[in-house]
Amino acid sequence: MNFCSQCGAPVVISIPPGDTLPRHICERCGAIHYRNPKLVVGCIPQWQEKILLCRRAIEPRHGLWTLPAGFMENGETAEQAAIRETMEEACAEVELDDLFSLISLPRISQVHLFYLGRMNAPVYAVGSESLEVELFAEEQIPWDTLAFSSVEVSLRAYFKDRRSGMLGQRPPVSFAF
């Protein structure tokens, strides 16, 4: 950030009084501009014993498989973001259950949230950001070509919980990378 979004004056980086971290501060109007992590929100869409995955048509990780997810927009809830992203990427309608995993990625300033999602029917199609969309049984998951570590961690925890009968019976899985 070079200029203040409030008044257009140049900003400096310094630690505001009462704070502990450097921030972009406007010396003219005094506005403090915070930069916070971005939320990536999606779901684990389930149909019977299978999970819906999308093969990415965009960077990063073009051509690799992922759960439907993306950046949360201003003015929407996390749940709305998960439902929207599933529709955009997989043309699939889901009903959300509880938050399943919360994964902090401080090195890239992101937090990934995945909800459990139930598909009402096996209806899905390729969305604008996907090359393919497919339902996978656990033994069919393309583990070697998953796009993101947060997806792998969430899927492994999902299948472990499902096998043990604990799916949806505990607080969200929480990891940090």
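This is a predicted model: local features need pLDDT of at least 70, side-chain atom pairs count only at pLDDT 80 or more; totals for chains, interfaces and linings use all residues.
1. How strand 2 is joined to strand 1 and strand 3. Strand 1, which covers residues 11-14, is joined to strand 2 by four bridges, and the two run antiparallel. Strand 2 is also joined to strand 3, here by two bridges, and again the two run antiparallel.

2. The turn between strand 2 and strand 3. These two strands form a hairpin, with five residues lying between them. Within the turn, Gly30 has a positive phi of about 85°.

3. The side chains of strand 2. In a regular strand, the side chains alternate between the two faces of the sheet. Which residues of strand 2 point one way, and which the other way? Along residues 23-26, Arg23 and Ile25 point one way, while His24 and Cys26 point the other way. Are these residues buried or exposed? All of them are buried, and this includes Arg23 and His24 as well as Ile25 and Cys26.

4. A proline in a loop. Pro37 is placed in the loop between strand 3 (32-33) and strand 4 (38-47). When its neighbours within four places in sequence are left aside, Pro37 is in contact with Ser109, Gln110 and Val111. Another proline, Pro122, is 85 residues from Pro37 in sequence, and the two are 34 Å apart in space when taken from C-alpha to C-alpha.

5. The cavity. The structure holds one cavity of 30 Å³ or more, and about 50 Å³ of space lies in the largest cavity. Its lining includes Asp98, Leu99 and Phe100, together with Leu116 and Asp161, and also Gly168, Gln169, Arg170, Pro171 and Pro172. Strand 8, which covers residues 94-105, gives the largest share of this lining, with three residues. Sorted by kind, the lining residues of the largest cavity divide into five nonpolar, two polar and three charged.

Technical notes
Residues are numbered from 1 along each chain as its sequence is written. Side-chain values use heavy atoms; hydrogens and water are left out. On a 1 Å grid over the protein atoms alone, a cavity is a set of points where a 1.4 Å probe fits but cannot get out, and a pocket is an open set with protein on both sides within 12 Å along at least five of seven lines; lining residues have an atom within 4 Å of a point. Grid points are joined across faces, edges and corners, and a volume is the space filled by probe spheres set on the points. Ala, Val, Leu, Ile, Met, Phe, Trp, Tyr, Cys and Pro count as nonpolar, Asp, Glu, Lys and Arg as charged, and the others, Gly among them, as polar. Contact means heavy atoms within 4.5 Å. Buried means under 20% relative accessible area, exposed over 50%, partly exposed in between (1.4 Å probe, protein chains only). Two strands pair if DSSP finds at least two bridges between them.
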